[in-house]
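Dear colleague,

I am handing over a structure that will be new to you, and I would ask you to look it over before reading on. My notes on what was found follow below it.

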Protein chains: 6
Amino acid sequence: MTRAIEFSSSLRFERRDLSPDENRRLFGPRAARHGHNYLLEVTVRGEPDPRTGMVMDLAELKAILEREIMRRFDHRDLNDDTPWFEKRVPTAENLALVIRDLLLEALPPGMLDRIRLQPDQDHWVEVVEEAADA
Amino acid sequence: MTRAIEFSSSLRFERRDLSPDENRRLFGPRAARHGHNYLLEVTVRGEPDPRTGMVMDLAELKAILEREIMRRFDHRDLNDDTPWFEKRVPTAENLALVIRDLLLEALPPGMLDRIRLQPDQDHWVEVVEEAADA
Amino acid sequence: MTRAIEFSSSLRFERRDLSPDENRRLFGPRAARHGHNYLLEVTVRGEPDPRTGMVMDLAELKAILEREIMRRFDHRDLNDDTPWFEKRVPTAENLALVIRDLLLEALPPGMLDRIRLQPDQDHWVEVVEEAADA
Amino acid sequence: MTRAIEFSSSLRFERRDLSPDENRRLFGPRAARHGHNYLLEVTVRGEPDPRTGMVMDLAELKAILEREIMRRFDHRDLNDDTPWFEKRVPTAENLALVIRDLLLEALPPGMLDRIRLQPDQDHWVEVVEEAADA
Amino acid sequence: MTRAIEFSSSLRFERRDLSPDENRRLFGPRAARHGHNYLLEVTVRGEPDPRTGMVMDLAELKAILEREIMRRFDHRDLNDDTPWFEKRVPTAENLALVIRDLLLEALPPGMLDRIRLQPDQDHWVEVVEEAADA
Amino acid sequence: MTRAIEFSSSLRFERRDLSPDENRRLFGPRAARHGHNYLLEVTVRGEPDPRTGMVMDLAELKAILEREIMRRFDHRDLNDDTPWFEKRVPTAENLALVIRDLLLEALPPGMLDRIRLQPDQDHWVEVVEEAADA
């Protein structure tokens, strides 16, 4: 079961151990500050609860995504307003791994199946969790 | 190989062993009658037939989906006009499991790979079949 | 300036002065109860307010659409749960005219430019308001 | 004839004559730095050239949009890296008016029909040019 | 009221009075044979019929589009299998004008409002009919 | 990490060992020349490079897709202008297998995860590579 949300952040690809020129050489135009509407799709797995017919209550998943993701990343600058990108560059790959870790904490154990994070129309990343018993 | 179709149904989340009030408490606004354009994506697997270059003839798959899915669910009320939701709530999860069972019957053995059922823009479910020899 | 929302309703094409058979002949499968995720796009016109740079505050427009449209149509049956379709069939055309009238009431005079109502992927209607001074 | 492009910018809604607190009260979360993938659709009008069958050569329009829009706004901060938002807030409305002015300059006279600028999935603005002879 | 259909054609930009080399210089890669899934949106205007609540019966419009457009252009080569591009290049503009003429013939007088023809994701053309009494 | 591109080709379903009539019987309307805007999504897998935070540099992947796919298939006729469909029919399945082979050659070993090729809106194919150590 998958739920999609959208958040809006600004960012720049910057390694703080490199000079502005070196960052520009390594990352090209993305070394300058720019922004994205990130589309995030979160998939949880499991059997439907026989009482409700749902793998997970949609309102509950919505509340978790609001609290864990929207409040932290929406209308934020990834480099300056969040603690995760001091030593890592906020590429789609690294941001997806941060989100994966936050959701592994927040969701019941074993429920996170995968996340898909799409910064723009023709580029996205996925992080897939192995099923414990697969 | 995947084919997408769309059908239009009405439904309400309702457990017949509960009172209207209890249903409302359990399911919120979805306890009232509403409707969806369901997007259904059906994926079959296999090697392309050397004669035709196709995993499965598209026209044949289209005919199966017309007969098994469109005729049963399009322009129907899931609760009142189909036999599957007397004891189950027509959540996306439960409807996907009903469709999976209908297609396992109708398709050649081992061909169904997965289905994806999307009731609205930011929410969907998937049912994945294990490959026999995987 | 346009804002898009989505609501989920059930409906049937039915004229109460006709028998079930006559309705079926006139409207085909749409005479049976079915449902849609309606996509509604509401466009307002005007010069941007020099103080805020916006034609209309997005939060204010959102609140109007929530109050006037979502509360009335989302998770409702158009025939049974709303007062507008006793003498009219809830076609996309008629529903769009009802929504137009509700928004002409609720928005500041002269601001409504047009609405676009889309019941499914390949079919939609538009109602365009003439500008007073055009 | 319409061509769509996408650019990625960061921005904050900020009037420099107001304190941070006043900006926050006026603009809410959008007073903080965030970002968008802007979708821009540029429509030119005219009769097809009998020699080429096109209203305007697509490659030429593409070059104009690259030079006038992409170089100025893509991978830029609208407030800090462009000269247009010192006295205006970079709302979608104001950004669309800036782009309209740049394209009126760059396109042959009378060709610009309208632009549509979409900062996110469910919100966009249009600026329509009157035809000289309408 | 608008209905969208999709058809699949092959084509090359070629003026028969020019040599292959001259065509290549004038039209670039599009002088070679290629193909599109054309998305066509046909908009008709009018008041809803009080009997049916529809501007035009959807099934009737569908039948006209099937007969006039799909049979002529779907799974066809625009240059070799249709009579319209002997002296004109099958640009989106010229194809839209051909379709406009076919629909003006086939639809009741005064009903065609506009057509929109989209050869690919980021490029499309529109032909708008003036209302007789506008 | 996935990147999407679009290319435009013409084609016909034709087995050269069969007569035109037999091809028409076997393949229906697709035996005639038609065309598609193919949407191709290429997914590579791996850990993000600690230096750049990316699984693979996007510019590098873009260059490979330009060289291996766009130059070979964009604005080409699959039957007449490419060497792969003399003995195979250019179905989506067979074209996807050709593209898979070209990318297995061009990408670093073990990086190709899967490709998804979509000839039109409601039909697509996927080719998935087994992970070496899975």
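In what follows, two residues are said to be in contact when heavy atoms lie within 4.5 Å. Please keep in mind that this is a predicted model.

By that criterion, the contact between the two chains draws 15 residues from chain B and 15 residues from chain A. Together chain B and chain A bury about 1300 Å², with 53% of that area on carbon and sulfur atoms. On the side of chain B, the residues that lose the most area to chain A are Glu93(B), Asp122(B) and Trp124(B), which together account for 40% of what that side buries.

As for polar interactions, six residue pairs are found in polar contact across the interface of chain B and chain A, both residues of each pair being at pLDDT 80 or more. Three elements of chain B, namely α1 (20–27), α4 (92–106) and β5 (123–128), each supply at least two residues of the side that touches chain A, and β5(B) gives the most, with four residues. That side of chain B is made up of seven nonpolar, three polar and five charged residues.

One salt bridge is found across the interface, and it joins the side chains of Glu126(B) and Arg114(A), with a distance of 2.7 Å from N to O.

Finally, β5(B) also pairs with strand β1 (residues 2–11) of chain A, in the antiparallel sense and over two bridges; within β5(B), His123(B) is the bridge partner of Arg3(A).

With best regards

Note on methods. Residues are numbered from 1 along each chain as its sequence is written. Chains are lettered from A and ligands numbered from 1 in the order in which they are written. This is a predicted model: local features need pLDDT of at least 70, side-chain atom pairs count only at pLDDT 80 or more; totals for chains, interfaces and linings use all residues. Side-chain values use heavy atoms; hydrogens and water are left out. Buried area is the accessible area (1.4 Å probe) that two parts lose on being put together, summed over both. A salt bridge is a side-chain nitrogen of Lys or Arg within 4 Å of a carboxyl oxygen of Asp or Glu. A polar contact is a pair of N or O atoms within 3.5 Å; within protein, one must be able to donate a hydrogen and the other to accept it, and residues adjacent in sequence count only if both atoms are side-chain atoms. Ala, Val, Leu, Ile, Met, Phe, Trp, Tyr, Cys and Pro count as nonpolar, Asp, Glu, Lys and Arg as charged, and the others, Gly among them, as polar. Two strands pair if DSSP finds at least two bridges between them.
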